[in-house]
Amino acid sequence: MSDLEFTDFQYRRRALRPTRRAYIKHLAFFVVTFCTILVASVLQPFGFLPVFANLDPNLSETAFLLNLPVYYALMIGDTVKLLLTEPVVLAYGLKFTLSLLFILTSHELGHYIACRIYGVDATLPFFIPTPPLIGPAGTFGAFIKILSPLPSRRATFDIGVAGPIAGFIALIPVAIAAFATFEQVGGEVPASLPEGTLVFADPLLFHFFASVNNINFEIPMLPNPFYSAAWLGLLVTALNLIPSGQLDGGHAIYAVFGERFHFWTGRVAFLVMIVLAGTGLYFYNSPSGILFAVLLGVMLKLKHPAPLDDAPLDRTRILVAVITLLIFILSFTPFPIQIR
């Protein structure tokens with residue numbers, strides 16, 4: 001038996017089991033998140049229902065802002081009514097909601113199951129609901145919180161990459177369903193898009209599927225719930241795999257290269273994101289990079305916990321690290337949300 005194997009066995013312990021109260025609390029967050037995603041899914045930009053559709057076109061901006069809470073409540077009420085009375089609207093919303101939650105749940109269960117295998121205490125997945133339109137698609141995603149020390153760099157790596165790998169595998173069938181049901185508006189590329197049109201830039205994985213299915217992304221398409229859910233799943237995967245702080249990519253970098261390398265990759269990633277944020281805002285009117293730069297700035301403040309054993313990874317995990325890098329390349333796009 002090698003020293004690494006002995007160390008892992010030495011530190012391995014049985015993880016604490018969630019209490020009944022914890023199950024109820026996390027299930028409540030999941031149910032609320034399901035509801036907020038369902039409402040957001042049928043509203044633009046991910047759905048086909050226009051936002052604030054019934055407003056008086058002559059309404060002044062001042063009057064709109066002063067009465068915004070009322071208009072927002074009326075819009076949510078109308079949307080819920082359509083979900084309850086129109087089967088087409090409900091079917092669209094359920095396709096999006098179930099697909100997105102399947103991807104997010106798979107991602108977090110990947111982390112959670114890896115924690116259980118290594119005897120690391122962790123919470124059940126926390127799903128974060130947000131009011132529709134205020135948060136992307138009615139949620140800020142999900143996370144688990146690790147409550148005990150990481151036993152080794154091997155455990156750090158396995159727990160870190162298990163989430164994005166599981167989430168990526170889960171979104172593949174969703175992406176296949178998206179391109180199988182892809183409907184384009186017309187057969188010609190428009191000369192220009194209307195001013196203020198929100199455009200989602202497609203990652204490499206989608207370009208691969210488009211080439212296989214002979215689809216031209218320049219031609220507008222009808223709203224597709226599977227496409228939107230898979231697109232968001234890829235965005236979540238790419239963000240989590242950025243090598244910074246306690247993001248999944250940060251765990252992987254720390255496990256592969258050690259603390260010093262992790263320290264510098266986080267700062268380089270932050271600087272690169274600042275450059276991308278400025279470039280995207282100037283050339284593509286893309287505000288998303290600013291939010292991502294803020295996220296990475298926060299990550300720099302979070303010190304990565306040192307594992308109990310610092311032995312290097314084996315060759316198999318180095319190969320998995322290369323596969324994880326490939327997943328990041330397929331998922332990442334520098335300017336995901338653009339306003340034309």
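This is a predicted model: local features need pLDDT of at least 70, side-chain atom pairs count only at pLDDT 80 or more; totals for chains, interfaces and linings use all residues.
The structure contains 17 aromatic pairs. Among them is the pair of Phe182 and Tyr227, which is edge-to-face, with 6.4 Å from centre to centre and 90° between the planes. Because Phe182 lies in the loop between helix 6 (153-180) and strand 3 (198-200), while Tyr227 belongs to helix 8 (residues 225-240), this pair ties together parts that are 45 residues apart in sequence. Phe182 is buried, at a relative accessible area of 13%, and Tyr227 is likewise buried, at 5%. Both residues belong to one aromatic cluster, which is formed by Phe179, Phe182, Phe206, Phe208, Phe209 and Tyr227. Elsewhere, a charged side chain meets a ring, with Arg267 lying over the face of Phe263 at 3.7 Å from the ring centre.

**A buried arginine**

Arg317 is found in helix 12 (residues 315-331). With a relative accessibility of 16%, Arg317 counts as buried, because the limit for that class is under 20%. The side chain of Arg317 makes a polar contact, at 2.7 Å, with the side chain of Asp158.

**Pocket and cavities**

The largest pocket holds about 1,600 Å³ of space. Its lining comprises 50 residues, of which Phe140, Gly141, Leu239, Asn240 and Leu295 lie nearest the centre of the pocket. At least two lining residues come from each of helix 5 (87-117), strand 2 (139-143), strand 3, helix 8, helix 9 (248-257), helix 11 (288-300) and strand 4 (337-339). Of these elements, helix 8 supplies the largest share, six residues.

There are also three cavities of 30 Å³ or more. The largest cavity is lined by Leu235, Ala238, Leu239, Met273, Phe292, Ser331, Phe332, Thr333 and Pro334. Here too helix 8 gives the most to the lining, with three residues.

The table sets out the volume and the lining of each space by residue class.

| Space | Volume | Lining by class |
|---|---|---|
| Largest pocket | about 1,600 Å³ | 36 nonpolar, 11 polar and three charged residues |
| Largest cavity | about 60 Å³ | seven nonpolar, two polar and no charged residues |

Technical notes: Residues are numbered from 1 along each chain as its sequence is written. Side-chain values use heavy atoms; hydrogens and water are left out. Rings of Phe, Tyr and Trp (its six-membered ring) pair if their centres lie within 6.5 Å; planes under 30 degrees apart count as stacked, over 60 as edge-to-face and the rest as tilted. Helices (H or I, at least four residues) and strands (E, at least two) are DSSP runs, numbered from the N terminus. Buried means under 20% relative accessible area, exposed over 50%, partly exposed in between (1.4 Å probe, protein chains only). A charge sits over a ring if NZ of Lys or CZ of Arg is within 6 Å of the ring centre and within 35 degrees of the ring normal. On a 1 Å grid over the protein atoms alone, a cavity is a set of points where a 1.4 Å probe fits but cannot get out, and a pocket is an open set with protein on both sides within 12 Å along at least five of seven lines; lining residues have an atom within 4 Å of a point. Grid points are joined across faces, edges and corners, and a volume is the space filled by probe spheres set on the points. Ala, Val, Leu, Ile, Met, Phe, Trp, Tyr, Cys and Pro count as nonpolar, Asp, Glu, Lys and Arg as charged, and the others, Gly among them, as polar. A polar contact is a pair of N or O atoms within 3.5 Å; within protein, one must be able to donate a hydrogen and the other to accept it, and residues adjacent in sequence count only if both atoms are side-chain atoms.
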